[in-house]
Amino acid sequence: MLNKAIKLIKMSADEDILRPKPNEVNPENSPYPAKFINLVDGSKMVVRQITREETKKVIPIFYDIVKINKDFYDLVGARILGELLAYVQYRVQDEYVLLGQVHDTGEVLGLVNGYLSFNDPKIGISYHTMTFKRGLRVGAHLFVAKMEHHLDYLQNDEVKIVAESHIGFRRWMEELRLEENFDFEHPLGGVPSYYLTRKNWESYVKSERCFGTENRPIPEEYLKTVRENILLPEDVTYQITGTPKDEFLKGF
Amino acid sequence: MRDVAIIGAGIGSRWGKYSGSLIEMMAKASLSAIDDAGTDEIDAVFVANMGAGRINNQTALGSALIDYLNLFPAVGASIENGPASGATAARIGYMAIASGVHDVVMITGGEKMRVAPGPVVTDFVATMAHPEAEYIHGITFPSLGAFLARLYFEKYGVTSEDLARVAIKNHQNGLKNPHAHIQQKITMEGILTSREAKLNNPMIADPLHLYDMCPVSDGSASLILCSMDKVQEFERTPIIKFAGTGQGMDTMAVHEREDPTFLKAVKIASDQAFKMAGLTREDIDLAEIHDAFEILELAELESAGFYERGKSHLSIREGETELLGKFPVNTSGGLKARGHPVGATGVAQLCELVWQLRGEAGERQVPNDPKHGYAVNFGGFGNNVVSTILSRITG
């Protein structure tokens, strides 16, 4: 159905207007170089930028996540679903998606995404961070990888960030000591925006929080495994909530 | 004094975060123990809980549980003794039967802590500290654990690697316990030696990292105790004897202790329990130790007399306390992995001993037919401690 929709849009005469024009530096011509990070359980998490075709394989998991009314998974899941659909259908300026996967199985552990401002290519906009397997600090690593992408590879000078969940607020705004940027109206709306500046990135965030940079380039067999196996959790509801999907959804 | 047996043990649901009510959660554990015992003819119910009045806005839990389960005409009460509430309730249950006041007693421990934000829970736990000498100065229990660890590091050469070894062992055991809150493998590289460990396992209270301390959990556990002279009526074999119980006290303020690395209350409680059971340390086949902080597993093993002072960390280096080691410790995963809903912990420790002594512990069953198990339930920061010894007498 998704493929059919894309086909129809591509056939439209308005597509040229509807599809944003890439900035000079963008995720397509300056992609995030894959790295791997050692996790608490001894596994290695490959962090890499995925293509639109690969993103289509991740999207189905969000139809389950939007039903998880815990820790704002439903709200954030619904938004990511929209963002990913917009990405694969070229409806966001310079969007990218980074995926965290176990190096030898391809198991998907988490996802982050963001995009670039078309008004000011020096501004990066952080969309979302979501962990599918909790307790491994996956989200903490992936969020910083996203900052690394914006500030080291996409040549932004600052990244605008908001949080919908309390966990997100504690992890990003408090732990990373982000600065207030309340005047900025973040596209996720409503809540006050914060930002990570290049100065703070270079003075402490990168050195204290950004890991796996020495693991580049990653071994070819890791890349091959994770590209060939985008392994979604069998029951993401269980992984996130500790309750099997059928039981969790009783009365949904 | 009559002898006392344990004829039922139950943990209703996996620990962690429970979405229902506190009483519902405790009822699940109680029903599981009742099923295990094969009787609901209970004379008295003692509920172990530390903070429901503060965190869950509910008191008189003994009455509430009896009403919820319709256990009338059973009588009941709540027992609060900090994190040692569980073993204290079991001890009181033992005394109620041994004295001849009751024949069958249910002990249910439960705590629903995850409704409160982290700082509130940390403060709630800190209320156990000395009010004038510690609490008002901002002492928290992680900071007390850190002080103890620092002293151990300096005095006995214990290292962060030793604490990580304890955590890795307990997580490994927790993976085999379906009730455990944390079912997560951890490795030395992942939590300590890799660069990423700095983020994976952040420092909480120097020198203690995240994985050096237990999680905040919801959970419940239950036991059915019965007079030994009535035990044949229930056909629950093998029979587990409540063989020994002891309770010891120490100063509330840790700095007032002559040697803070020696947990005097643990020694007193243990000596009493061993004397009552007529056993020696060498007779014990496995132990459940109150590892709210991993340093406590080492310190309690020494103060209880299982290892010389300052030597227990050598045992973890040798793998002695692993599941298949010479002296398995915290086969349940301990507080570190099974979790620590404070009022339930002491009861769950005894549930684990019951299952191990019966040979019903599944994947985490210790080999070689264990006969005697020891537990220590640590209240305050070691100012009020209860030790228990259970023995298998048939089967």
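Predicted model: local features only at pLDDT ≥ 70, side-chain atom pairs only at ≥ 80, totals over all residues.

User: How are two packed helices described?

Analyst: Two packed helices are described by the angle between their axes and the distance between the axes. Here, helix 6 (residues 138-153) and helix 8 (residues 198-209) of chain A have axes that come within 11 Å and cross at roughly 140 degrees. That angle makes helix 6 of chain A oblique to helix 8 of chain A. The crossing of the two is left-handed.

User: Which residues of helix 6 of chain A meet helix 8 of chain A?

Analyst: An α-helix has 3.6 residues a turn, so residues three or four places apart point the same way. From helix 6 of chain A come A:Val144, A:Met147 and A:Leu151, which meet A:Arg198, A:Trp201, A:Val205 and A:Arg209 in helix 8 of chain A. By class, this contact has five nonpolar, no polar and two charged residues.

User: Is helix 7 of chain B largely enclosed or open?

Analyst: Twelve of its 15 residues are buried, so helix 7 of chain B is largely enclosed by the rest of the structure. Among the buried residues are B:Asp162, B:Arg165 and B:Lys169. The cover includes helix 6 (141-156), helix 8 and helix 11 (294-303) of chain B, among others.

User: How many residues does each chain give to the contact between chains A and B?

Analyst: Chain B gives 15 residues and chain A gives 14 residues. On the chain B side, helix 8 gives the most, with three residues. By class, that side has three nonpolar, seven polar and five charged residues.

Key. Residues numbered from 1 in each chain as written. Chains lettered and ligands numbered in written order. Contact = placed C-beta atoms within 7 Å. Helix = DSSP H or I, 4+ residues; strand = E, 2+ residues; numbered from the N terminus. Nonpolar A, V, L, I, M, F, W, Y, C, P; charged D, E, K, R; others polar. Axes fitted to C-alpha atoms, helices over the stretch in contact; angles between N-to-C directions. Parallel < 35°, antiparallel > 145°, perpendicular 65-115°, else oblique. Left-handed = near helix turned anticlockwise from the far one by under 90°. Buried ≥ 20, exposed ≤ 12 C-beta atoms within 10 Å, placed from the backbone.
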